[in-house]
Amino acid sequence: MPKHPLLPRAEWLARRARILGCAASLIHDTENRIMLLHSSWGDAWQLPGGGHDEGEDLWQTAVRETYEETGLAMRGMPELLAVDWGLHPEGIPEVFTLFKGPLVEANTVEVKLSDEHDAWRMLTADEWAPLVPPEQARVLAIATEVLRGGARCPYLREASHLADVR
């Protein structure tokens with residue numbers, strides 16, 4: 001590996017940006033309802049997902065987290081619905097990727113929740129909007145539009161299209 005012309009490799013690496021990576025899946029049904037999981041540690045509804053582990057890419061994170069939190073498998077080729085760049089609540093840069101999750105039948109799907117969650121529901125993005133933070137509602141609405149085929153995968157900044165951020 002070539003070395004940096006001005007810095008020793010270890011120092012160059014130490015100066016590189018640290019970015020948190022997280023990934024989630026959009027589990028959905030044919031009526032465009034989205035599955036969210038209720039957190040067992042607080043009153044929050046969340047997509048199945050979480051932080052990526054060393055050595056895995058963000059698709060692998062979404063697959064792993066979806067299975068760990070719901071018992072549902074994600075198969076096939078990755079389909080990216082959105083990429084959101086923002087700041088973690090602790091001020092650390094964070095990239096959030098949302099992948100198309102399994103298509104399920106809400107009445108018959110068998111969900112095996114981990115101890116991180118105590119309930120699940122399937123609602124449309126509009127129905128979720130009053131129950132989740134505004135940023136999450138925007139991401140759900142945008143991802144649903146991509147899922148329906150009405151838009152391409154967007155690159156977002158803090159849950160908004162870049163044109164809306166300026």
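Visitor: What covers the buried residues of helix H2?
Guide: Start with the terms. Buried means under 20% relative accessible area, exposed over 50%, and partly exposed in between (1.4 Å probe, protein chains only). Contact means heavy atoms within 4.5 Å. Here the cover of H2 includes strands S1 (20-28), S2 (34-39), S4 (49-51), S6 and S7 (117-123). Helices (H or I, at least four residues) and strands (E, at least two) are DSSP runs, numbered from the N terminus. This is a predicted model, where local features need pLDDT of at least 70 and side-chain atom pairs pLDDT 80 or more, while totals for chains, interfaces and linings use all residues. Residues are numbered from 1 along each chain as its sequence is written, and side-chain values use heavy atoms, without hydrogens and water.

Visitor: Which residues of H2 are buried?
Guide: An α-helix has 3.6 residues a turn, so residues three or four places apart point the same way. In H2, the buried residues are Trp59, Thr61, Ala62, Arg64, Glu65, Thr66, Glu69 and Thr70.

Visitor: How many residues does H2 have, and what is its reach?
Guide: The expected span is 1.5 Å times one less than the number of residues. H2 has 13 residues and reaches 18 Å from first C-alpha to last, close to the expected 18 Å.

Visitor: What lies at the ends of H2?
Guide: Asp57 caps the N-terminal end: one of its side-chain oxygens lies 3.0 Å from the backbone nitrogen of Trp59. After H2 comes Gly71, with a positive phi near 80°.

Visitor: How many aromatic pairs are there?
Guide: Rings of Phe, Tyr and Trp (its six-membered ring) pair if their centres lie within 6.5 Å; planes under 30 degrees apart are stacked, over 60 edge-to-face, the rest tilted. The structure holds two such pairs. Trp45 and Trp128 have ring centres 5.1 Å apart and planes at 50°, so this pair is tilted. Trp45 is in strand S3 (residues 45-46) and Trp128 in helix H3 (residues 125-128), so the pair ties together parts 83 residues apart in sequence. Trp45 is buried at 14% relative accessible area, and Trp128 is buried at 0%. For Trp59 and Phe99, the centres are 5.3 Å apart and the planes at 70°, so that pair is edge-to-face. Trp59 belongs to H2 (residues 58-70) and Phe99 to S6 (residues 93-103), so parts 40 residues apart in sequence are tied together. Both Trp59 and Phe99 are buried.

Visitor: How many disulfides does the count give?
Guide: The rule asks for a pair of cysteine sulfur atoms within 2.5 Å. The count is zero. Cys22 is in no disulfide; its nearest cysteine sulfur, in Cys153, is 15 Å away. Cys22 is buried, at 14% relative accessible area, whereas Cys153 is partly exposed, at 35%.

Definitions and conventions:
A polar contact is a pair of N or O atoms within 3.5 Å; within protein, one must be able to donate a hydrogen and the other to accept it, and residues adjacent in sequence count only if both atoms are side-chain atoms.
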